[in-house]
Amino acid sequence: MASAAQFGTASSLRDFGAAIFERLGLPAPHAVLVADCLVRANLRGLDSHGVARIPIYAKRLRLGLVNPRPTLVVRQVAQSAASLDGEDGMGMVVGTKAMDVAIGLARDTGVGFVGVHRSTHYGMAAYYVLRAAAADHIGFAFTNSSPGMAPFGGTKPILGVNPLAVGVPAGRRPAIVIDMAMSEIARGKMRLAAMHGEPIAEGLGVDKEGKPTRDGMAVFGGGAVHPFGGPKGSALAIWMEIMGGVLTGAAFAGEMKSLYEDLSGPQRIGHVFMAIRPDLFMPLEEFKRRMDTMIERLKDSHPVEGLDEVLMPGEPEARRETERMRTGIPLTAEVLGSLRAEAEAVALAMPEFSPTPISGCA
Ligand SMILES: NC(=O)c1ccc[n+]([C@@H]2O[C@H](COP(=O)([O-])OP(=O)(O)OC[C@H]3O[C@@H](n4cnc5c(N)ncnc54)[C@H](O)[C@@H]3O)[C@@H](O)[C@H]2O)c1
């Protein structure tokens, strides 16, 4: 990542983001929620899914491609299942509502399953499963996403990178949080490499003629990234396409509009959220103790040479969150410039930023 030009506190960035989205027409609680999701991504070190995305979301809102005020009516389709029409609302608002409905269904019936159609890009998938884990539920978030990846053996970008997320509460230990896209490398990282004039490694993607290339921009702009793990990553991405797209009634297999590159209509993304009550088979405390035992045994599995420690999924991000709560969130000059332009567009003052890491902020 390019080096940080300045540092902002989580709370000031949250307030700033919320004020922008409110001025773009979102009701105040929804504006706060969207900003919280973006800042949480920054805190966890996923700067590609943080406040740097404000300009593209703002652009789609201004163009009327995102509905700032969806009504989000829940249609219960079975005792444990519901369907939600996202009405082209902000993915974070739609996704949070759907996860909360899934948790509510799980409280009543043991498991909750919510299918969402007509949604939009929902950012960092971990946000939703962290919510489930904080409510002492096992949470799943499945989504499809705009085309950019070829299925194993193919060269056309029919699939999205379709991230999958799972959150599981533990006892003394932090929750396990799995959040992973199905591509060998994030598409954003390819774009970034190209912008810095650096070639990408061999075998990561093809250009729009289907030829292997090391030019990240050729992969990003019309080419296709490869799934991780060959046919296995491809299979998981197809599973996300089925759950998020085919099953819910959302767009699927290449029909979604790209967040950045296709401003011809709403994205029509689909998601599935699931929540499971961990006390279905034993008391909650016993489940959590068993999670701690499992985590401790795994962490005790002697690290390979060169590593100090075996980390659990979600652990690197949780550590970064603790650190950035203390030091602030680093922002590159490019991101700062784009935020300044957004602030001017809605006549808002920029928050104070610091040229060095901030000590003891929150
Ligand atoms: N909304 C969308 O359409 C969309 C699309 C693509 C990606 N994303 C988001 O982009 C983000 C990045 O995805 P990614 O696939 O690049 O994630 P990643 O490769 O950084 O991490 C994948 C998983 O590996 C774990 N991990 C990483 N390093 C580890 C280590 N040293 N030890 C143990 N576990 C480790 C992480 O905790 C995570 O669970 C995610 O938040 C994802 O939801 C969103």
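Author: Buried means under 20% relative accessible area, exposed over 50%, and partly exposed in between, with a 1.4 Å probe and protein chains only. This is a predicted model, in which local features need pLDDT of at least 70, side-chain atom pairs count only at pLDDT 80 or more, and totals for chains, interfaces and linings use all residues. Residues are numbered from 1 along each chain as its sequence is written, and side-chain values use heavy atoms, without hydrogens and water.

Reader: How does isoleucine 242 count, buried or exposed or in between?

Author: Isoleucine 242 has 43% relative accessibility and therefore counts as partly exposed. Histidine 137, at 3%, counts as buried.

Reader: How is a pair of aromatic rings described?

Author: The distance of the centres and the angle of the planes describe such a pair. Rings of Phe, Tyr and Trp (its six-membered ring) pair if their centres lie within 6.5 Å; planes under 30 degrees apart count as stacked, over 60 as edge-to-face and the rest as tilted. The count here comes to six aromatic pairs. For tyrosine 122 and phenylalanine 273, the centres are 5.9 Å apart and the planes at 50°, so this pair is tilted.

Reader: Which of these two residues are buried, and at what relative accessibility?

Author: Tyrosine 122 counts as buried at 3%, and phenylalanine 273 is buried at 0%. The rings of tyrosine 128 and phenylalanine 273 have centres 5.5 Å apart and planes at 65°, so that pair is edge-to-face. Tyrosine 128 also counts as buried, at 0% relative accessibility. Ring pairs link Tyr122, Tyr127, Tyr128 and Phe273 into a cluster.
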